Amino acid sequence: QVQLVESGGGLVQAGGSLRLSCAASGRTFRRYAMGWFRQAPGKEREFVAGVSWSGGGTYYVDFVKGRFTISRDNAENMVYLQMNSLKPEDTAVYYCAADLDYPVRSPDYWGQGTQVTVSS
């Protein structure tokens with residue numbers, strides 16, 4: 001079993017940056033591809049970015065390409081989401097997720113989420 005705890009959310013002005021972190025428990029972290037999802041008020045949860053088991057493969061939803069970067073540190077059981085050039089429409093609760101399969105489509109485990117608010 002994998003437990004995921006996100007951190008790093010907060011309030012930032014449009015054009016600013018935030019770095020989200022996700023700490024994973026368990027010795028099986030390397031077996032999981034990892035992803036970030038988000039859910040804005042009144043909307044469904046949507047995929048944002050994914051990274052393969054080794055970290056060698058990454059992919060993004062179109063609306064964050066060139067602005068967000070996902071990475072992982074298997075030695076530290078950590079996953080990161082660097083978010084630059086933030087826009088008000090990026091406001092959402094961001095969730096870390098673990099999936100045995102890659103690409104990440106149906107995660108097996110979810111974190112509790114961290115709030116990101118971008119002011120205009």
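Predicted model: local features only at pLDDT ≥ 70, side-chain atom pairs only at ≥ 80, totals over all residues.
Student: How many helices and strands are in the chain?

Tutor: First, the term. Helices (H or I, at least four residues) and strands (E, at least two) are DSSP runs, numbered from the N terminus. Here the chain has zero helices and 11 strands. Along the sequence the pattern reads β-β-β-β-β-β-β-β-β-β-β.

Student: What does the radius of gyration say about the chain?

Tutor: The radius is taken over C-alpha atoms, and the globule rule is 2.2 Å times the number of residues to the power 0.38. For 120 residues, a compact globule would have a radius near 14 Å; this chain has 13 Å, which agrees. Along the principal axes, the C-alpha atoms fill a box of roughly 40 × 25 × 25 Å.

Student: How much of the chain is buried?

Tutor: Cut-offs first. Buried means under 20% relative accessible area, exposed over 50%, partly exposed in between (1.4 Å probe, protein chains only). Of the 120 residues, 47% count as buried. Now the surface. Areas come from the Shrake-Rupley method with a 1.4 Å probe; for residues, only the protein chains shown count as cover. The accessible surface of the chain is about 6100 Å², and 46% of that belongs to carbon and sulfur atoms.

Student: Which residues have the most contacts inside the largest nonpolar core?

Tutor: In soluble globular proteins, nonpolar side chains tend to be buried together. A nonpolar core is a set of buried Ala, Val, Leu, Ile, Met, Phe, Trp, Tyr and Cys residues joined through side-chain atoms within 4.5 Å. The largest one here has 29 residues, and Met34, Trp36, Leu81, Met83 and Tyr94 have the most contacts inside it. Two or more of its residues come from each of β3 (18-24), β4, β5, β7, β8, β9 and β11. There is also a second, separate core of five residues, including Ala33, Phe37, Ala97 and Val104.

Student: Where do the side chains of β11 point?

Tutor: In a regular strand the side chains alternate between the two faces of the sheet. Take β11 (residues 114-119). Thr114, Val116 and Val118 point to one face and are buried.

Student: Which strands are joined to β11 by bridges?

Tutor: Two strands pair if DSSP finds at least two bridges between them. Strand β2 (residues 10-13) runs parallel to β11, with four bridges. There, Gln13 has Ser119 as its bridge partner. Strand β9 (residues 92-99) runs antiparallel to β11, with three bridges. In that pairing, the partner of Ala92 is Val116.

Student: How many bridges join β7 to β8?

Tutor: Six, and the two strands run antiparallel. Asp73 stands opposite Met78 in β8. The hairpin of β7 and β8 has four residues between the strands, and Asn77 takes a positive phi near 55°.

Student: How many salt bridges does a search of the whole structure find?

Tutor: A salt bridge is a side-chain nitrogen of Lys or Arg within 4 Å of a carboxyl oxygen of Asp or Glu. The search finds four. One of them joins Arg38 to Glu46, with the closest N and O atoms 2.8 Å apart. Arg38 is buried at 5% relative accessible area, whereas Glu46 is partly exposed at 30%. Another joins Asp62 and Lys65 at 3.1 Å, N to O. Asp62 is exposed at 60%, and Lys65 is partly exposed at 48%.

Student: Which parts of the chain does the Arg67 and Asp90 pair link?

Tutor: Arg67 and Asp90 meet in a salt bridge at 2.7 Å, N to O. The pair links distant parts of the chain, 23 residues apart: Arg67 is in the loop between β6 (58-60) and β7 (68-73), and Asp90 is in the loop between β8 (78-83) and β9. Both Arg67 and Asp90 are buried. Salt bridges with shared partners join Arg38, Glu46, Arg67 and Asp90 into one network.

Methods: Residues numbered from 1 in each chain as written. Heavy atoms only, no water.
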